[in-house]
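The structure under discussion is a predicted model.

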Amino acid sequence: MTDQFTVKATYGQVFAVAQFRAVFAGRLLGVMSDTLRAVALAVLVYDRTGSPLLTAVTMTINFLPQAAGGLFLAALADRFTPRTLISTGYALQCAVGLLLAFGHLPVAASLVLVAGVACLTPVTTGATARVLAEALAGDTYVLGRSLSYIVAVCAQMVGMAAGGTLVVWLGVERTMLVTAGAHLVAAVISRLFLSPARAAPANAPAKAPATDGGSIVRRTLRGNAALVASPGVLKLIMAQCLPAAYLAAAGSLIIPYSAHRGFSPQQTGVLLATTSLGMLIGDVVIGRAFAPATRERLVLPLLLVMGAPSLTLALDLPYPAVAAAYVVTGTGSAYLLGLQRRFLEAVPAELQGQGFALLNTTTMSIQGVGPLVFGVFAEFVPVGVAIALTGVGSVATTLLLREAVRPRPVAAEAA
């Protein structure tokens, strides 16, 4: 482990950095607005079409188009300054909200519009990751990434909880205006408080990388190939994405599982929040209580913690035990803290933005596939068994990736 990552940081030190505060505020507003818009649009689509399928597509329309953006546009994350990319991204989201509020668009056009702007999400995500990597040093970077993850989880929880109430209270169009206003504020914060120029990373090459020539699409494809070929990058991406897919799959089966068990709507609502609660607890506790080296040693145990509790849901456990299993499963996601430093150092400096864009794209894509695969299983086996199979898959994947996630000795890092 490099010297700058050996000293334990605090969350106070992270928030002392003005660039991080701007990213944090923008991300809080942006993710919450995206979630509110998804809920409002889903209500609108169901009211107009009565189609459960189109309504489900509406709730996930922000995710799958990101695969296209990550595969073909991610090189933009290293071509322009983060301030330009992030503020422009929020401004485009604001424009989409205004069009949905006042445009009276057909359902198909509304979905295409949201999918189109979602294609740019990997670009802004990569730019945001560049800001964190350049503004935060050592363990403050690890905690900053953790806080960025936590704020996204919390903002989604608030957005889901408030979405239905706002739509009933304000109506769909006015709720869309609220999302547009929040995105506008995020754009202004990013424009005013993010640095106008990018500081070159300390390990950046003296000359432009080989991926600079050609169109954005060609550069993105070459950059992605270079990232996959870089030692350790692909395994670290898989270690961060695959377990998250099993976690998402287990969460996606809560509603049918609750119906099968006869849980009340209130109990089901609590269960839907338990995984996110566990994530919050895990990140805060592991981030504050343990030194950087210890966090890296805890990666493997935490991965097992994330997968193992789901195995128990093959049994008809009492409701409190089911809720506890989901909370414990969520706490295991803190394993990501132990991989942040290694992923940052594995990604070539000239492809830093694109590296994080590729990570985000892969995460979103696999999280979309996981629920689909285990949802098919749930058609043929009891739902509790299907959830237990997510645990089997998670534990098996952890064991297959154990060499990739184990902390490297100092001598090996230096080599």
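## Nonpolar cores

The largest nonpolar core comprises 55 residues, and the members that touch the most others are Tyr141, Ile237, Tyr335, Leu339, Phe343 and Phe356. The most residues in this core, 7, come from helix α11, which spans residues 233-252. A separate second core contains 19 residues, including Leu253, Ile254, Tyr326 and Phe374.

As a general background, nonpolar side chains in soluble globular proteins tend to be buried together.

## Packing of α11 and α19

Helix α11 also packs against helix α19 (residues 383-400); the axes are 9 Å apart and the angle between them is about 170 degrees. Because angles over 145 degrees count as roughly antiparallel, α11 and α19 are roughly antiparallel to each other.

On the α11 side, the contact is made by Leu242, Tyr246, Ala249 and Ala250, while α19 contributes Ile387, Thr390, Gly393, Ser394 and Thr397. By class, the residues of this contact between α11 and α19 comprise 5 nonpolar and 4 polar, with no charged residue.

Val322 is located in helix α16, which covers residues 319-331. Its relative accessibility is 0%, so Val322 counts as buried, the cut-off for that class being under 20%.

When neighbours within four places in sequence are left aside, the residues in contact with Val322 are Tyr257, Arg261, Phe263, Leu271, Leu313 and Leu317. For Leu271, the separation from Val322 is 51 residues in sequence, and the C-alpha to C-alpha distance is 8.2 Å.

Conventions:
Residues numbered from 1 in each chain as written. Predicted model: local features only at pLDDT ≥ 70, side-chain atom pairs only at ≥ 80, totals over all residues. Heavy atoms only, no water. Core = buried A, V, L, I, M, F, W, Y, C linked by side-chain atoms within 4.5 Å. Buried < 20%, exposed > 50% of the residue type's maximum accessible area, 1.4 Å probe, protein only. Helix = DSSP H or I, 4+ residues; strand = E, 2+ residues; numbered from the N terminus. Axes fitted to C-alpha atoms, helices over the stretch in contact; angles between N-to-C directions. Parallel < 35°, antiparallel > 145°, perpendicular 65-115°, else oblique. Contact = heavy atoms within 4.5 Å. Nonpolar A, V, L, I, M, F, W, Y, C, P; charged D, E, K, R; others polar.
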